[in-house]
Structures are given as structure tokens and as C-alpha cells.
Amino acid sequence: MDKSKITFSEVRTLYQAATTSMGEWMWHNHTQWVADKAKQLAEKYGADTEKVYCAALLHDLGDSRYERDHANFDTWSWETAKAILRNAEFRKHERDEILEAIRTHSCHPGHLPTALEGKVLATADGMRHLQTNFFPVICYMNRPDTSHTYEEWQRWFTAKIERDFGTKIFFADEKEEARADYEALKRVFENTALKARQSNKVLL
Ligand SMILES: [Fe+2]
Ligand SMILES: [Fe+2]
């Protein structure tokens, strides 16, 4: 079996056994979508397709085992990703490159990807957040234990959507492709219509 197939099958087994709030949903509605998009973008921009595809399959692995605020979330994700990459027989330097793409995929300040593979993964992830029903579903499920009030959720959303569109999408074509979805989400969740009605003192 090739490295991508081994990685896919190990990751699928973990998500299929998931008992977390997001695990199964992420596998069917996010992880595989990001992996397919990342593969297309790797081909388009000349990144290593196999590394990018496997990094994408592993990039949110923790959701298959723990809720995001669990103390073991990060260590388990990291150690399990490493073990899967070893089972797939990636060499040490290849594993390090894949792990670096995973580590930087969220594009938090000071942790931006510098290699093309990491930029491709971040772009695919940001695009899929904006172009699928990711945010409405997260909103519906209210990400248990990570946000308790709508205001908290909205602060999380605002920061995330700005990173998804502004920071994570590294390529001009893909930014244009996702722009309409970004603007629509921003308009809906920032609730400007309500603000306008309130400022005009119209009673609801
Ligand atoms: Fe993520
Ligand atoms: Fe993701």
C-alpha cells in the first residue's frame, strides 16, 4: 500500500470509532474535503502532493478522540499523527515537514507556515471553512465547552473568519474564489441589519 492509502485508512479507522461531539461530522464534512482540496492545490502550485494530502488527513485528528478543551487533545493528536506517519513509512525528514504543516495550519500570529506544503494546507482549510456549512454547524452545535455565550462564540468566529480569509488563504485565485462566502458569512454573523434597525430606533 502507498503512504497516502495507509494514512487514509488509519485516520478513517480513528474517526469511525469517534465518540466526540464533532468527530464523525468532521470526517465526513471537513477532513476529507480539506484533503481533496489540498491535493488539487498541491498539483496546481507544485507542492508535494503526497505530503500535503497526508498532512490534511491528519490536521484536525484530535477531534476524533477528544473535545478541543481536553488536556490531552494536543499531545494525543501530535503523538498519534507521528505514529501514523511512521507506520506509513515516511522518512524522518518527510515526517518533520508534514508535522510542520500540521502545526502551522491554523495560522495563529507567530505560527505561519513558510513551506509551500504548509501554505497549501492552510489555504485548503481556510477555504473549506468558508465554502462549506462548517460555521453554521459549529454555531448549531455551539462547540460545547469552548464557548458558553453567543458573544463568546461571536468573538471566536470573528477571529477565525479573519484568519481563514485574511491570513490562511495564501493564493490570489483561491482568495477570489472564497471572497463571496467570506463576505456573506461576515454579513450574517456580524448582524449588521439588526444594528441598523437598532440605530434607527425601529421596534422589532
Ligand atoms: Fe484545525
Ligand atoms: Fe480544519
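Reply: Asp60 bridges the iron ion (ligand 1) and the iron ion (ligand 2), and the two ions lie 3.5 Å apart. Keep in mind that this is a predicted model.

Me: Which protein donors does the iron ion (ligand 1) have?

Reply: Asp60 (OD) and His105 (NE2), lying 2.1 to 2.2 Å from the ion. This pair links distant parts of the chain. Asp60 sits in the loop between α3 and α4, His105 in the loop between α5 (92-103) and α6 (116-131). They are 45 residues apart.

Me: Are Asp60 and His105 buried or exposed?

Reply: The cut-off for buried is under 20% relative accessible area. Asp60 has 9% relative accessibility, so Asp60 counts as buried. His105 has 8%, so His105 counts as buried too.

Me: What are the protein donors of the iron ion (ligand 2)?

Reply: His30 (NE2), His59 (NE2), Asp60 (OD) and Asp125 (OD). They lie 2.2 Å from the ion. Along the chain, the donors follow the spacing H-x28-H-D-x64-D. His30 lies in helix α2 (residues 23-45) and His59 in the loop between α3 (49-58) and α4, so this pair ties together parts 29 residues apart in sequence. His30 and His59 are both buried.

Me: How do I read the angles at the iron ion (ligand 2)?

Reply: Start from the ideals. Four tetrahedral donors would give 109.5 degrees; six octahedral ones give 90 or 180 degrees. Here the angles among the four donor atoms run from 81 to 171 degrees, and the site is irregular.

Me: How many residues of α3 are buried?

Reply: Eight of its 10 residues, which leaves α3 mostly covered. The buried ones are Lys51, Val52, Tyr53, Cys54, Ala55, Ala56, Leu57 and Leu58. Their cover includes α1, α2, α4, α5 and α6.

Me: How is the packing of α1 and α4 described?

Reply: Two numbers describe a packed helix pair: the angle between the axes and the distance between them. For helix α1 (residues 3-16) and helix α4 (residues 73-87), the angle is about 145 degrees and the axes are 9 Å apart. The crossing of α1 and α4 is right-handed.

Me: Which residues of α1 and α4 meet?

Reply: From α1, Ile6, Thr7, Glu10, Val11 and Leu14. From α4, Trp76, Thr80, Ile84 and Asn87. By type, the residues of this contact of α1 with α4 divide into five nonpolar, three polar and one charged.

Technical notes: Residues are numbered from 1 along each chain as its sequence is written. Chains are lettered from A and ligands numbered from 1 in the order in which they are written. This is a predicted model: local features need pLDDT of at least 70, side-chain atom pairs count only at pLDDT 80 or more; totals for chains, interfaces and linings use all residues. Side-chain values use heavy atoms; hydrogens and water are left out. Axes are lines fitted to C-alpha atoms, for helices over the stretch in contact, and angles run from 0 to 180 degrees between N-to-C directions. Helices (H or I, at least four residues) and strands (E, at least two) are DSSP runs, numbered from the N terminus. A crossing is left-handed if the near helix is turned anticlockwise from the far one by less than a right angle, and right-handed if clockwise. Contact means heavy atoms within 4.5 Å. Ala, Val, Leu, Ile, Met, Phe, Trp, Tyr, Cys and Pro count as nonpolar, Asp, Glu, Lys and Arg as charged, and the others, Gly among them, as polar. Donors are N, O and S atoms within 2.8 Å of the metal (3.2 Å for Na, K and Ca); water is not among the atoms, so sites may look incomplete. Four donors count as tetrahedral if all angles lie between 85 and 135 degrees; four count as square planar and six as octahedral if opposite donors are over 155 degrees apart and all others between 65 and 115; anything else is irregular. Buried means under 20% relative accessible area, exposed over 50%, partly exposed in between (1.4 Å probe, protein chains only).
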